[in-house]
Amino acid sequence: MVLPGGLLTRKEEPVPLKSISVTLSIREFVAGVSATLNYENKEEVPLETFFVFPMDDDSAVYSFEAVVDGKKIKAELQEKKKAHSIYESAISNRRQAFLLEEDKYSRDVFCCNVGNLNPGSKVALTLKYVQELPLEADGALRYVLPAVLNPRYRGSGSFEDSCLDMKTPIVPLEDLPYTFSMVATISSQHGIERIQSNCPFSPIEYLGEDKTSAQVSLAEGHKFDRDVELLIYYSEVHTPTVSVEMGQPKDNQVDGFMKDPSAMVCFYPNIPEAPSPVICGEFVFLMDRSGSMQCPISKQDQSQLRIEAAKETLILLLKSLPLGCYFNVYGFGSSYEAFFPNSVKYSQQTMEEALKRVKLMQADLGGTEILTPLQIIYREPSIEGHPLQLFVFTDGEVTDTFNVINEVKRNRLRHRCFSFGIGEGASTSLIKGIARVTGGTSEFITGKDRMQFKALRALKRALQPAVDDVSVSWNLPRGLSAKMLSPEQTVLYKGQRLIVYALLSGTMPPAEATGEVDLKYTLQGKSFENKVTFALQPKPDDNFTIHRLAAKSFLQTKDMGFRDTPAKDKKDVLKISIDCGVISSQTAFIAVNKNLNKPVQGPLTRRDVPRPMLFGAALMMPQYEGCALPKAMSSCPLPTTQSTRTSHYKGTSYQQDVCRPCRPMVSKDLCALVFGDNHLVQLISLQNADGSWYLDENLAEILGKSLEDLLAAVPVKDADSSSWATVLALVWLHSNAKEMKGEWELLEKKARTWIHIHAASIMQELVKAAIAFTKSSVDPSIFAL
């Protein structure tokens, strides 16, 4: 079953939510967000209304307040059951009340209740949160304001108390009855080079000549058709930093999270390139094949279909695996399918068999039931000497994300998980959570992002030798000590940023005093060290940003949901949450309007608010196995059948085509049929498991030559034809797909290694002849190991 989400309404009456306005402040790599929901009751009866919305999993929500007809009411953070009791009591006693809570089953979904909104009354609800911004491969800081809340697939179990368990009509974007606006201010001491977005924004306005501060705003008319993404490029982002924030001591306060100063340390470990990458491992790829994978990755023009990007990605991954490892591929939806009964040794035969199945793969397995295939994978016995590396690709969401995360966490000692969220509205709680608990990494593929590049980057990390003996130590003046709040770091990756939090307790030294933080680790028997010296004078911050980010970091390791958090951790979660004012699964914000002189009059009427119709989102119901596409986007590389579905809102019907893949087709030239004119994927599909290519008509066609010409151009008599073919293939890659090197770098390295083993004595002649034959300007040095 699928649980709908978004802004909720049941009937066709006026919608009380009128607008949403967001103020974003980004300082260095931390975002502070203030979001205001503006309601107005234009009816003649008091209303209760509900707003269900997505939040990033890393968001630390610390404030919730209401302004009712000009009067401010500050909400308090209470234990969740107590907050619900206060809210229900207030509503039954005709008092005005407001409730904000995290969903019991997923950390990235929130619900806001407005109870007893008087006729003619206006209320502005403001929530505030802070979050760390992730660092992209090209140095950009990525901020995403989740605006899309896709339906959540529900498997077995009862979720009646989830805030997602509500009915909601779906309306076209042009009929959405509320507006959305955002203004962003960005500042960095290193200077701002540029700001990019997937949405129309105003031109960047620098607030000073040194370009250390800038402002942009979202263009008018934006609807909830995509998440709002900003990519911020600073002049320098890899500088280690330490920030110390003043605490909030209270009278007679002996202990408490907020009492002492807090420190946030940001490392950029300079991990060297490993001379000998890992050649062992069990690589399992778990790929979403639910119906919505037939949709484009984004609404942007010419966006690739998710299932096609997935197939290309799997081909690249399969070709990039090292000889001697083990692998398997699982597809999942309402059911699951495995390529092999168990993981198999990587060889030419097993790779070819897997490749045939990838090319026939369809988005034809229904809903998003990810828990069962995960359990099946974990039940398989470990392969000695080959640690499990799990790659999870999904565009869908499950309702009970904590259940999935806990299953992954229970198996964390035997594997690492690398996760990928595909398309708008992918669950940040699910994608980040399963990577976090295993020491893997998470990626999100939206807009013009290429799944292929991000997946291959993760594979490079999985093939890195393990970084051992990771430790963080503090060198502080006498009388001052540091208590680490971040979980113990056991995994480091090249190019990764490391953020740690600590509380500083004891006597703070004079203003000129300094401290030192030392990061140590071992790689292939060699010891490495990164040190950062910092001023110990704490700075005040009214929002206590560092304390709250530290609290969030702690909560993410202990808080496993309202039901599943162990009793021993629940007490700590509740205490830290209330001490710091950061919401958790065990707490909720509650506010009761005590300014009203008399009870609200009249029968209370429920009103909900509609969510927009997006391609794919409405069709994640079990009866649909395809994707609802606007007619202009109804394109599929394989033959399809067409049908329609109908949505209703305010008496109007809206029809969309439903694209349903036919049964798999087999043809003589399946690769060309599936991948069309994509010569890069066709060339990579022809590579052998050992890294070489055969000299045949398929290769000749991609190179734009005849096979006879290729054979005639072999520069060395009796040379192995595969050596000549492999050199030609690498020259083609560097000449025609250089901008996509991140996607074929691993398989190219495997090919170079093969050449050095099998054709070292004639390599220079082969390379020189291949460059001349193809009229390429490639530098021969690319063939060096």
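A salt bridge here is a side-chain nitrogen of Lys or Arg within 4 Å of a carboxyl oxygen of Asp or Glu. The model is a predicted one, so to speak of local features requires pLDDT of at least 70 and side-chain atom pairs count only at pLDDT 80 or more, while totals for chains, interfaces and linings use all residues. Residues are numbered from 1 along each chain as its sequence is written, and side-chain values use heavy atoms, with hydrogens and water left out.

**View 1. E743 and R450 meet in a salt bridge.** The closest N and O atoms of this pair are 2.5 Å apart. E743 belongs to helix α15 (residues 741–758) and R450 to the loop between β27 (442–445) and α7, so distant parts of the chain, 293 residues apart, are linked. Helices (H or I, at least four residues) and strands (E, at least two) are DSSP runs, numbered from the N terminus. E743 is buried at a relative accessible area of 4%, whereas R450 is partly exposed at 30%. Buried means under 20% relative accessible area, exposed over 50% and partly exposed in between (1.4 Å probe, protein chains only).

**View 2. K454 pairs with E136.** Their side chains form a salt bridge of 3.3 Å, N to O. Because K454 sits in helix α7 (residues 451–462) and E136 in the loop between β10 (122–132) and β11 (141–145), the pair ties together parts that are 318 residues apart in sequence. K454 is buried, at 5% relative accessible area, and E136 is buried too, at 16%.

**View 3. R194 and E193 form another salt bridge.** The N to O distance is 3.8 Å. R194 is partly exposed, with 37% relative accessible area, and E193 is partly exposed at 46%. The count of salt bridges comes to 30.

**View 4. Nonpolar cores.** A nonpolar core is a set of buried Ala, Val, Leu, Ile, Met, Phe, Trp, Tyr and Cys residues joined through side-chain atoms within 4.5 Å. Which residues have the most contacts inside the largest core? They are F391 and W693, in a core of 84 residues. Helix α14 (residues 721–736) gives the most to this core, nine residues. Apart from it lies another core of 81 residues, including V68, I73, V228 and F554.

**View 5. Helix α5 is largely enclosed by the rest of the structure.** Seven of the ten residues of this helix (residues 401–410) are buried. Among them are F402, V404 and I405, along with N406 and E407.

**View 6. E697, E701, E708 and D709 form a negative surface patch.** Patch residues have over 30% relative accessible area and no salt bridge, with like charges joined within 9 Å and nonpolar side chains (Val, Leu, Ile, Met, Phe, Trp, Tyr) within 5 Å. Helices α12 (697–703) and α13 (707–712) each supply at least two residues of the patch. E708, found in α13, is exposed at 57% relative accessibility.

**View 7. D69 and D718 have positive phi angles.** D69 is not a glycine, yet its phi is about 50 degrees. D69 lies in the loop between β5 (60–68) and β6 (71–74) and is exposed at 53% relative accessibility. For D718, also not a glycine, phi is about 65 degrees. D718 is in the loop between α13 and α14, and it is exposed with a relative accessible area of 74%.

Note on methods: Areas by Shrake-Rupley, 256 points an atom, 1.4 Å probe, with all protein chains shown as cover. Lys, Arg positive; Asp, Glu negative; His and termini not counted. Charge placed at Lys NZ, Arg CZ, Asp CG, Glu CD.
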